[in-house]
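Let's take a friendly walk through a protein model. Have the sequence and the 3D view ready, and follow along one part at a time.

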Amino acid sequence: MRRVRFQINGQSVEQDVAPRLLLSDFLRDVLGFTGTHVGCEQGACGACTILLNGEAVRSCLMFAVQVNGATVLTIEGVSPDGTSLHPIQRAFHENHGLQCGFCTPGFVMSACALLKENPAPTESEIRTQLSGNLCRCTGYESIVQSVLQAARDLESAGGQSAGKADSHAG
């Protein structure tokens, strides 16, 4: 077992973990952050995307011990207060950027990373950023429109790109 200390969604965590425990399994099964979905378990679908030190990463391709000393943001930490929708989440809702919802957390996390780095992306830049996330339901148009709206809404609101852990996200 290895001891890891890190921040997740604005909270400190200290936990012993097995060296080969995948981060996605640690988040879901040990810490209870089940919004991080596991789809392909090969990093191809993007459903398990989280922010690690502000960067979008696939949690199914990392070991839990790799977050030692890091800051992690999951979909559960995106909301600014834990009950209301973040502007990115609201834009997905308003633009029908989700259907079954399985891929949605990964798309939202990828959008958070994009809008933090590039607050006014073009449609092409959005498509490039989200190209590592797969959706079987929407046809992607509504997802792209969601991110475009979120960018406008965040600009109007002063640019808050990610939730309660944003100040720690990198």
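## Before we start

Two residues are in contact, or touch, when they have heavy atoms within 4.5 Å of each other. Keep in mind that what you see is a predicted model.

## The sheet

Start with the strands. Five of them form an open sheet in the order E2-E1-E5-E3-E4, and the pairing is mixed. Which strands stand at the edges? They are E2 and E4 (55–58); each has a single partner strand, so one side of each is left without a neighbour in the sheet. On average, neighbouring strands here are turned by 40° against each other, if direction is ignored.

Now zoom in on two of the pairings. Strand E1 (residues 2–8) runs antiparallel to strand E2 (residues 11–17), and seven bridges connect them. Phe-6 has Val-13 in E2 as its bridge partner. E1 and E2 make a hairpin with two residues between them, and Asn-9 in the turn has a positive phi of about 50°. Strand E3 (residues 49–52) and E4 are also antiparallel, joined by four bridges.

Which residues of H1 are buried? Look for Leu-23, Ser-24, Phe-26 and Leu-27. These buried residues pack against E1, E2 and E3. Just after H1 comes Gly-32, with a positive phi of about 80°.

Helix H3 has its own place on the strands: H3 lies across E3, E4 and strand E5 (71–73), and runs at about 30° to E3.

In soluble globular proteins, nonpolar side chains tend to be buried together. In this model, the largest nonpolar core has 26 residues, and Ile-88 and Val-147 touch the most other members. Helix H2 (87–94), helix H3 (104–117) and helix H5 (141–157) each contribute at least two residues to this core. The largest share, eight residues, comes from H3.

What does Val-147 touch, leaving out residues up to four places away in sequence? The list is Phe-92, Ala-111, Leu-114, Leu-115, Ile-126 and Leu-130. There is also a second, separate core of 17 residues, with Ile-8, Val-13, Val-17 and Val-57 among them.

## A closer look at H2

After H2 comes His-96, whose phi is positive, near 55°.

Gln-89 of helix H2 deserves a stop. Is Gln-89 buried or exposed? Gln-89 counts as buried because its relative accessibility is 17%, and buried means under 20%. Beyond residues up to four places away in sequence, Gln-89 touches Ile-75, Val-78, Ser-79, Ser-84 and Val-108.

## Cysteines without a bond

A disulfide is a covalent bond between the sulfur atoms of two cysteines. How many disulfides does the structure hold? The number is zero. Take Cys-48: the closest cysteine sulfur is in Cys-60, 3.6 Å away, and this is too far for a bond. A disulfide needs the two sulfur atoms to be within 2.5 Å. Cys-48 itself is buried, at 3% relative accessibility.

Cys-137 is in no disulfide either; the nearest cysteine sulfur belongs to Cys-100 and is 3.8 Å away. With a relative accessible area of 33%, Cys-137 is partly exposed.

## Aromatic rings that meet

A pair of aromatic rings is described by the distance of the centres and the angle of the planes. The structure holds two aromatic pairs. In one of them, the ring centres of Phe-107 and Tyr-140 are 6.2 Å apart and the planes are at 65°, so the pair is edge-to-face. The angle decides this, because planes over 60 degrees apart count as edge-to-face.

The pair links distant parts of the chain: Phe-107 is in helix H3 and Tyr-140 in the loop between helix H4 (123–129) and H5, 33 residues apart. Phe-107 is buried, with a relative accessible area of 0%, whereas Tyr-140 is partly exposed at 28%.

Terms used: Residues are numbered from 1 along each chain as its sequence is written. This is a predicted model: local features need pLDDT of at least 70, side-chain atom pairs count only at pLDDT 80 or more; totals for chains, interfaces and linings use all residues. Side-chain values use heavy atoms; hydrogens and water are left out. A nonpolar core is a set of buried Ala, Val, Leu, Ile, Met, Phe, Trp, Tyr and Cys residues joined through side-chain atoms within 4.5 Å. Buried means under 20% relative accessible area, exposed over 50%, partly exposed in between (1.4 Å probe, protein chains only). Two strands pair if DSSP finds at least two bridges between them. Axes are lines fitted to C-alpha atoms, for helices over the stretch in contact, and angles run from 0 to 180 degrees between N-to-C directions. Rings of Phe, Tyr and Trp (its six-membered ring) pair if their centres lie within 6.5 Å; planes under 30 degrees apart count as stacked, over 60 as edge-to-face and the rest as tilted.
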